[in-house]
Amino acid sequence: LAQKYDPQKEAELRTWIESVTGQQIGPDFQKGLKDGVILCELMNKLQPNSVRKINRSAQNWHQLENLSNFIKAMASYGMNPVDLFEANDLFESGNLTQVQVSLLALAGMAKTKGLQSGVDIGVKYSEKQQRNFDEAKMKAGQCVIGLQMGTNKCASQSGMTAYGTRRHLYDPKNQILPPMDHSTISLQMGTNKCASQVGMTAPGTRRHIYDAKMGTEKCDNSSMSLQMGSNQGANQSGQVFGLGRQIYDPKYCPQGSQGEVANAACDQSGDPPGYHYYCEEE
């Protein structure tokens, strides 16, 4: 706290107090204000009869009484409680920094109340500005959204074409002419880099798969390259649809070769003569 004490502010306070009271503090700022006489005279100049009794005795309890009366007068003058100091802060030099802060706040309060002095010291307090609105004005204000809700920075859709209007892509690198009217859109709206669908077939057209590794023929204009997909040369050769399938499982079939199994099935089925199954020779 002692390091926060400002000697320059002390000189300004000395000049202000001496100009208001007309009394000299002396070379030592703390000893000149210790008895509280000059401070009580200062409060009587700022607010008359704020300190009714000023003790000019050299006894300690009289001096402490003067300091206590000065602090009470500052509170009644409108000072904030956090800006006040205690009597021992000045009398015993316990916290001279707080004493300096309190006197600066007192000078600011005096300036706020219109005190004219030759020394410009203290910060003027902000004045309360109260507004009274009628009920209709209050209801109208509920329909207004403040900037805390966000803003579009005055942006608008002025000059934009309607949905579905023809768009002209402007690209100076590709020698495309700039837009001449509002029906064209520049590169800020996006560009496809001159890409087109030239050479692409309509949906549902037959596609021919071309693969150089498999030796297939090159595709023509009605076929599509490998970008359209490839089955890696797979086909459905040898597959039948709708025919019966014979399942062979050695767990459920009789033991022996496939020819013996077929002959045994011939004897049990009663097929007509002349139809012979294949029998493997010994």
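1. Let's start with Ser102, which sits in helix H6 (helices here are DSSP runs of H or I, at least four residues, numbered from the N terminus). Ser102 is buried, at a relative accessible area of 0%; buried means under 20% relative accessible area, exposed over 50%, and partly exposed in between, using a 1.4 Å probe and protein chains only. Bear in mind that this is a predicted model, where local features need pLDDT of at least 70 and side-chain atom pairs count only at pLDDT 80 or more, while totals for chains, interfaces and linings use all residues. Residues are numbered from 1 along each chain as its sequence is written, and side-chain values use heavy atoms, with hydrogens and water left out.

2. What does Ser102 touch, not counting residues up to four places away in sequence? Its contacts (heavy atoms within 4.5 Å) are Met79, Asp83, Leu84 and Phe85. With Asp83, a polar atom of the Ser102 side chain lies 2.3 Å from the backbone oxygen.

3. Now for H6 as a whole. Its 17 residues reach 24 Å from first C-alpha to last, close to the 24 Å expected at 1.5 Å a residue (the expected span is 1.5 Å times one less than the number of residues). Buried residues in H6 include Val99, Ser102, Leu103, Leu106 and Met109, and their cover includes H1, H2, H3, H4 and H5. Just after H6, Gly114 takes a positive phi of about 95°.

4. On to the largest nonpolar core, which has 35 residues. Such a core is a set of buried Ala, Val, Leu, Ile, Met, Phe, Trp, Tyr and Cys residues joined through side-chain atoms within 4.5 Å. H6 gives the most to this core, with 7 residues. Trp16, Met43 and Phe70 are among the residues with the most contacts inside the core. Leaving aside neighbours within four places in sequence, Met43 is in contact with residues including Pro48, Phe70, Met74 and Leu106.

5. H1 and H3 deserve a look too. Their axes come within 9 Å and cross at roughly 65°; axes are lines fitted to C-alpha atoms, for helices over the stretch in contact, with angles from 0 to 180 degrees between N-to-C directions. Trp16, Ile17, Val20 and Thr21 in H1 meet Ile38, Glu41, Leu42, Lys45 and Leu46 in H3.

6. The C-alpha atoms of Pro27 and Arg14 are separated by 9.9 Å, with the two 13 residues apart along the chain.

Notes. Helices (H or I, at least four residues) and strands (E, at least two) are DSSP runs, numbered from the N terminus. A polar contact is a pair of N or O atoms within 3.5 Å; within protein, one must be able to donate a hydrogen and the other to accept it, and residues adjacent in sequence count only if both atoms are side-chain atoms.
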